[in-house]
Amino acid sequence: MRLIVARCEVRYSGRLDAVLPEALRLLMIKSDGSVMVHADTGGYKPQNWMTAPTVVDQDGDTICVRKAAAKSEDRLEIRLVEVLSDVTHDMGESAALEKDGVERHLQEELAARPDALGGSLRLVRREWPTDIGPVDLMCRDEHGDWVAVEIKRVATIDAVEQLTRYLERIELDTCRGVLAAQVIKPQARTLAEARGIRCVEVDLAVLRGEREPELTLFAD
């Protein structure tokens with residue numbers, strides 16, 4: 001991984017045009033081609049980024065990151081004005097992220113019974129690959145349309161953002177999203193519904209048949 005602390009200007013072109021004016025930033029260039037531009041504010045989110053696979057070239061003080069999109073070429077140009085630090089570290093082999101026990105068991109049960117998510121879903125594949133990580137479950141509905149399912153123990157706004165990024169990267173004609181979790185936070189539900197993502201709360205004990213689902217009474 002290459003880490004550069006530099007005063008720089010960043011220009012993005014592709015699906016839209018954006019400019020980050022000259023300022024001091026941290027640039028992270030990973031061996032897989034992912035590039036992130038960080039400021040000293042904004043939490044963990046980069047100000048701009050490009051996911052792998054990419055082509056990274058440097059010509060003098062300009063780093064150019066290119067990525068072929070479906071209808072255009074995304075391009076990130078970083079003009080280095082003053083470099084304070086430029087170091088490269090060999091990170092070695094990385095261990096894969098393991099889901100916690102609840103998420104892993106939820107995925108197993110929902111893979112066996114995708115209809116528990118509502119509708120007549122049938123499983124196509126677990127861990128459907130994208131260039132930014134795997135989707136938990138990829139299914140088809142009764143009409144043959146694709147449905148991407150992200151599974152969490154507790155779904156927060158970050159889970160909605162993660163599924164949104166997956167939906168942007170899935171190279172299929174049409175694909176809708178389902179966020180499944182034991183608990184879905186109200187803010188996450190609001191954001192998901194605004195983006196057309198359906199939310200489903202699931203109970204692991206009910207899926208396993210260890211407990212009957214709670215009955216809901218409706219009054220006229």
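**Cysteines and a sheet**

Visitor: What does C175 count as, by accessibility?
Guide: Partly exposed, at 24% relative accessibility. Buried means under 20% relative accessible area, exposed over 50%, and partly exposed in between (1.4 Å probe, protein chains only).

Visitor: What am I looking at here?
Guide: This is a predicted model: local features need pLDDT of at least 70, side-chain atom pairs count only at pLDDT 80 or more, and totals for chains, interfaces and linings use all residues. Residues are numbered from 1 along each chain as its sequence is written, and side-chain values use heavy atoms, leaving out hydrogens and water.

Visitor: New topic. How many helices and strands are there?
Guide: The chain has four helices and 12 strands. Both are DSSP runs numbered from the N terminus: helices are H or I with at least four residues, strands are E with at least two.

Visitor: What order do the strands of the open sheet have?
Guide: The seven strands run 4-3-2-1-7-6-5, with antiparallel pairing. Strands pair if DSSP finds at least two bridges between them.

Visitor: Which strands are at the edges?
Guide: Strand 4 (48–50) and strand 5 (55–59). Each pairs on one side only.

Visitor: How many bridges join strands 6 and 7?
Guide: Seven, in the antiparallel sense. Strand 6 covers residues 62–68, strand 7 residues 73–88. R66 stands opposite R75 in strand 7.
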